[in-house]
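Let's take a friendly walk through a structure, one piece at a time. Have the 3D view ready and follow along.

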Amino acid sequence: MLEAIFAGLMALATPQAMIFMIIGVSYGLMIGILPGLGGIVAIALLLPFTYGHERAATLALLLGAHIATIWGGSVTSILFKVPGAAKSLALVFDGHPMTQQGHASRALGASATAALLGGLIGAVFLAFSIPIVRPVMLALGPSEYLMMALWGLTIIATFSEGSLLKGMIATLAGIMAAYVGMDPVSGTPRFWFGSVYLLDGISFPVAMIGLFAVAEMIKLFVKGNTLVSRVSGEEQSSVFDGVKDAFRHWWLVVRSSLLGLWVGVLPGVGASVGGIAAYAQAAQTSKTPERFGKGAVEGVIAPDATLGANEGGGLMPTLAFGIPGGESMAILLVAFLSMGIVPGPQMLTSELDLVFSMVWIIVIANIITTLIGLAISSRLARLPTLNPNIMIPFVLSVCLFGAFATRGLIEDVLVAAFFGGLGYLMDKYQYSRANFVIGMVLAEMIERNLHISLGLYGDFFILTRPITLAMLVFIIFTTALPFIRQQRHKKNKQANE
Amino acid sequence: MSKILLDVNLLSRHGKYLKILLIAVLYTFVFSTITRAESIKGEIVTIISANSAGGMMTRYARMIAPYIKKHSGAADVRIKIMTGGGGIRGTNFLWFEEPDGKTIAFTSIPSLILAQLSGSEAVQFDATDLTYLGRAATEPRVLTVGATSSILNINDARTLDRPFIFPSQGTDEDFYSMAVLADVLDMEIKIINGYDGNSDTALAVIKGDGDGHITGWSASEAIIEAGDERPILTLSQERYRLYPNIPTALEVVEGDSRQAVQAIVNMLDMRRGFFGPPNLDPIATEELRMAISAALNDPELIEQSKLAGLPLLPSDGKAEQQKIGQITEASQIIVPILEAALHAIL
């Protein structure tokens, strides 16, 4: 194994591989920063340029670009409340409040470091968990995925402060929005009003662009002030405070990374669900869950560590079974086949050096991304202090272009504008936008997996599937934990008085 | 009033010249229209890619378009993306286009036919009336079972003492193909819908949650090679050259059932194809069929397709049109089966 680890690294020690890696990372950062575009687009656009080069160099280009998009997406979530991709959504919840409080540099530093640590931990655990990947994949099924989605749903309580009813209404509205289009089970059109455009459903990245970015720009226009006051933006913290935060919360990073790794390994569980689940476990295991949603740095660290580790996990089913762990891995699989790489168990034996080349690419690409990220974070952090006369047209044009670019449909621009208005009104009347998108992300996953579980395992599947039952108990426990802590805190306070 | 009378007089005086002028204008209009309809040479041809911008279909269309231009004499061949409804949006648009050969489309033909046969409310076209111009690529669909399954061949699947569990990602061509197969083979099946793509159904079969699933060879080859799945039946005209021991669905059915299976196989066989609006001008049809055929047999394109990992398996437009005829004939047998399959999951 040590030989394979070394051979994998040596395959990357060529000028072509290193140049390709740097090109891939730089390009990935740019794509990631553009709203609505993520790793899938980055790899798809690179595919035509991957023929006739060294295998390791080609993989460095593709995987490097894919990994860099993760942090690129986090940047806009933190600075402008614009998730670069669906999976960066959870970064909005606490990242942007940190920016508003003048801690943008710290948030960016924490985000880049958490993504790096997540990537490294994910890569190391990936290397060691190669022998157990198959049994774990085969042990978990739709009923366990359902539990994972339900776990993500428990986080809505965090964003329902003030009125649980309003929080529930926002979540239900998100679920309703997710039901527009074809039913994933029977193919029956729902809420489509005779429009073929609506038959494909509402694009999630487009809705996010509207709900957050466009709504924030409307708010800014109405308020007539900068997104963040120049004074608070400059004075409050530094990038290295964020770096220290990530190391200070090392146990959270480890937990989130392992979660991200396994979310990546399991096909059918998207990275956006993983980000929300990571956020949920960070909030539910925190001693001060009330800080979440208001600028808690742990709310930035957990999702970024998960996303960093997720990519390595996604490689496993792609390599071990030829089953892509997600859409971007499906495109990567096409590239593998055109390079003569045939996925299967033999990848983990006879082609182990190539597998380790990929693990090394994840490590090196994460390091390069973080170095670039830390170097530019303090400058990026100044962007939200721009005059609104520059900021509003700039952000709006980039976002609406992003909305169009996701599917090339002009209707998506109109939908982004509609969700912008909706997001502004929700914010004004204190209906949580976070709950809306959580409902939207998890609705389909819950619907699919509930239907499959009932069909496969019967009505009492929760009781007949031991892992499912254990996960349900865990969900009940982690959901109750903050309330138990609160009660204890009250009792202690009363006892002291 | 006097001015109008004057004009009438003027008209009667110059009536002869005006008649000549009117005939000349009409002649020019009619002649130019006929000329435009006759040939696509020197014209701009637009190919509607009815799928996503970065998807496989659009990648095929973009790769082939320059070669259609080369072999057709068209001034340019452009791609217009019209994503939506699994190809329905782009095809709806094409349906109302002028049949002059200047606008054609490229998408998954089985998806269109099934959308129509299953009574999708979004469909505004009649797939049997479209003008088929040629197939770019297809691959056999294959029914695979898990490597650890007790089902070793199609007969084992037919004689199971319980329903054959078929994980499916939705009401796509594989769902309907399995419904028809089960009907004609007298198999009891339980379709579990809602899986998130081929990867998810493959994992369900490997795990043993499902008995078998249908997918394309390219998607299943790596899994079969890895020893995680076993092919038991192909839905193709002939046996697949890499697995000559695996029978085709046509070999295991007899009598009237054969017509239904043949229709399904024909439909799956049409896969990635070019087509035009109904009643496409015969000359434009001929030119486009020849140009598409020549493009798909161009050695340069064949080489490029290998490099891009987009394999070609061309078929002539006339042959594709004949398959549509057979599908229409068999639709009376197929439609009730499709409706029953859909009803079973609702």
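## A residue in chain A

Let's start with Tyr197(A), which is found in helix H9 (residues 196-199) of chain A. Helices here are DSSP runs of H or I with at least four residues, strands are DSSP runs of E with at least two, and both are numbered from the N terminus. Is Tyr197(A) buried or exposed? Tyr197(A) is buried, because 21 other C-beta atoms lie within 10 Å. The cut-offs are these: a residue is buried if 20 or more other C-beta atoms lie within 10 Å of its own, exposed if 12 or fewer, and partly exposed in between, with C-beta atoms placed from the backbone.

Which residues does Tyr197(A) touch, leaving aside its neighbours within four places in sequence? They are Leu409(A), Glu411(A) and Gly84(B). Two residues are in contact if their C-beta atoms, placed from the backbone, lie within 7 Å. Gly181(A) is 16 residues from Tyr197(A) in sequence, and 8.7 Å from Tyr197(A) in space, C-alpha to C-alpha.

## How to read the model

This is a predicted model, in which local features need pLDDT of at least 70 and side-chain atom pairs count only at pLDDT 80 or more, while totals for chains, interfaces and linings use all residues. Residues are numbered from 1 along each chain as its sequence is written, and chains are lettered from A and ligands numbered from 1 in the order in which they are written.

Axes are lines fitted to C-alpha atoms, for helices over the stretch in contact, and angles run from 0 to 180 degrees between N-to-C directions.

Residues of H1(A), including Ile5(A) and Leu9(A), meet residues of H17(A), among them Phe356(A) and Trp360(A).

## The six-stranded sheet of chain B

Now turn to chain B, with its 13 helices and 11 strands. Buried residues make up 48% of its 346 residues. An open sheet of 6 strands has the order E2-E1-E3-E10-E4-E11 (chain B), and its pairing is mixed. Two strands pair if DSSP finds at least two bridges between them. Strand E2 (76-81) and strand E11 (315-316) of chain B are at the edges with a single partner strand each, so one side of each has no neighbour in the sheet.

Look at strand E10 (residues 272-276) of chain B, where 5 of 5 residues are buried. Arg272(B), Phe274(B) and Gly276(B) are on one side, with Gly273(B) and Phe275(B) on the other. E10(B) pairs in the antiparallel sense with strand E3 (residues 103-108) of chain B over 4 bridges, and with strand E4 (residues 131-137) of chain B, also antiparallel, over 5 bridges. Arg272(B) is the bridge partner of Ser108(B) and of Ala137(B), while Phe275(B) is the bridge partner of Ala105(B).

## A three-stranded sheet

Another open sheet of chain B has 3 strands in the order E8-E5-E9, with antiparallel pairing. Strand E8 (212-216) and strand E9 (229-235) of chain B are the edge strands. 5 bridges join strand E5 (residues 141-146) of chain B to E8(B), and Val142(B) has Thr215(B) as its bridge partner there. Helix H9 (residues 217-225) of chain B packs on this sheet and touches E5, E8 and E9 of chain B.
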